[in-house]
Amino acid sequence: MQINSEEKKAVDIREIRERFPIFAQRENRDLIYLDSAATTQKPDSVIKAVSRYYREYNANTHRGTYRIAEKATVEYERARKTIARFIGAVSERQVVFVRGTTEAINTVAVGWGDRVLKADDEIIFSELEHHSNIVPWQMLAQRTGARIRLWEMDKEGRLHLDALRNLLSTRTRLLAIAHVSNALGTVNPIAEIVQLAHDNGTRVLVDGAQSVPHQQVDVTALGVDFFAFSGHKMLGPTGIGVLYAREELLDEMNPVQFGGDMIESVQVLTSTWNDLPWKFEGGTPNIAGAIGLGAAVEFLQEIGIDAIHRHETGLIRRAVEQLQALPGVRVFGPPGDRGPAVSFEITGIHPHDISTLLDQRGIAIRSGHHCAQLAMKKLEVPATARASFYLYNDESEIDRFVKAVSETRDYFAKWL
Ligand code: PLP
């Protein structure tokens with residue numbers, strides 16, 4: 001039997017860490033960075049790609065006829081092709097550069113939703129969504145008179161397909177759903193969800209902010225209608241992300257930013273739009289950001305996204321098992337498989353106090369509602385502490401983190 005080289009590949013953490021300049025800084029020598037769900041660190045190749053653009057061929061795209069402008073355009077469009085292949089898009093025309101997941105979802109809400117939704121139509125989103133996949137739909141509902149239906153999760157943060165079956169109706173136009181929850185790590189079965197929704201004639205938008213960085217995603221195989229993700233959560237720069245959509249949907253959608261590159265022709269009273277995907281890229285785009293994101297994808301491909309996924313699966317299992325074994329520590333989220341993020345609390349201690357004490361030991365975790373207030377409400381907590389991992393973390397960091405959590409619990413115990 002031939003073994004795929006990807007299958008054999010293991011992640012060499014030491015070699016990987018050396019490629020992230022932030023870890024080589026003297027002040028960061030002891031930093032344990034466990035907040036990659038918020039944003040990830042950047043490898044040298046991404047920083048260099050951005051810097052090379054500014055140093056060597058800085059020019060606006062799609063307009064200039066001179067050498068460096070042509071190079072800028074070629075590199076910007078090359079990044080789009082790299083990203084399209086990475087997510088399994090049929091064509092790079094389906095890959096629209098936006099600022100990030102939030103802007104991608106808002107673009108669909110306005111460009112597609114305002115055009116398609118009518119009063120009494122229904123939009124479903126789940127209880128574990130990030131606010132970026134809730135508020136644009138609330139605003140759309142207010143503008144159109146459509147109704148929101150909530151797909152509730154259970155106490156462990158799982159969504160059940162039976163509940164979705166009960167919610168879908170002849171009026172359901174859109175289902176908005178996270179691939180992986182940033183707050184609880186829940187991994188949703190997108191292909192099955194899409195199948196159910198499509199059988200009902202319902203479009204599906206998937207928030208892939210926490211999946212694309214960590215696992216193989218094939219938007220075509222999943223059958224999604226819209227898919228959103230952010231560059232900065234996958235080793236790329238901030239201010240760049242992607243809206244993927246099926247071509248016929250992008251064709252029927254209205255652009256939401258008007259001016260500059262999205263124009264084909266302008267008359268006094270009317271105008272016509274450029275081809276896909278530029279129809280949605282009004283104004284000068286984030287050229288350096290797109291080129292940097294292309295470099296980030298090349299980095300992920302070089303290490304191997306399956307190898308990264310396997311490595312993170314090991315880390316999250318180790319973290320969850322060890323945290324669950326600590327008396328006085330409650331771990332939130334589903335049993336079994338989850339994305340590389342774990343939310344927890346120490347009984348009687350505010351999550352902000354946990355993260356502050358961990359920071360004193362050089363361990364960066366996040367505390368708060370993680371922009372998932374509906375999920376927090378269901379868990380009956382105002383906030384949680386959350387550790388999240390990526391390819392540059394290793395087992396020894398997990399062990400030091402759990403030890404620090406245990407010591408934090410003991411430190412506060414005397415006041416409880
Ligand atoms: N959706 C999820 C699941 C997220 O984790 C985040 C960021 O934390 C977002 C959406 C918003 O991403 P951005 O701030 O990059 O637009």
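# Pockets, a cavity and a ligand

Guide: The largest cavity has a volume of about 60 Å³. This is a predicted model, in which local features need pLDDT of at least 70 and side-chain atom pairs count only at pLDDT 80 or more, while totals for chains, interfaces and linings use all residues. Residues are numbered from 1 along each chain as its sequence is written, and side-chain values use heavy atoms, with hydrogens and water left out.

Visitor: How is a cavity told from a pocket?

Guide: On a 1 Å grid over the protein atoms alone, a cavity is a set of points where a 1.4 Å probe fits but cannot get out, whereas a pocket is an open set with protein on both sides within 12 Å along at least five of seven lines; lining residues have an atom within 4 Å of a point. Grid points are joined across faces, edges and corners, and a volume is the space filled by probe spheres set on the points. Here the count comes to 1 cavity of 30 Å³ or more.

Visitor: Which residues line the largest cavity, and where does it lie?

Guide: Its lining includes Ser36, Ala37, Gln210, His214 and Phe389. Domain 1 (5-42 + 304-413) and domain 2 (47-301) both contribute to that lining, so the cavity lies between them; the domain bounds come from an automatic or database domain assignment.

Visitor: What is the volume of the largest pocket, and which residues lie nearest its centre?

Guide: The volume of the largest pocket is about 360 Å³. Of its 22 lining residues, Ala37, Ala38, His130, Asn182 and Lys233 lie nearest the centre. Domain 1 (5-42 + 304-413) and domain 2 (47-301) each supply at least three residues to this lining.

Visitor: Where does the ligand sit?

Guide: A molecule sits in a cavity or pocket if more than half of its atoms lie within 2 Å of its grid points. In this model the ligand sits in the largest pocket. Among the residues around the ligand are Thr101, His130, Asp207, Gln210 and Lys233, where being near requires a heavy atom within 4 Å.
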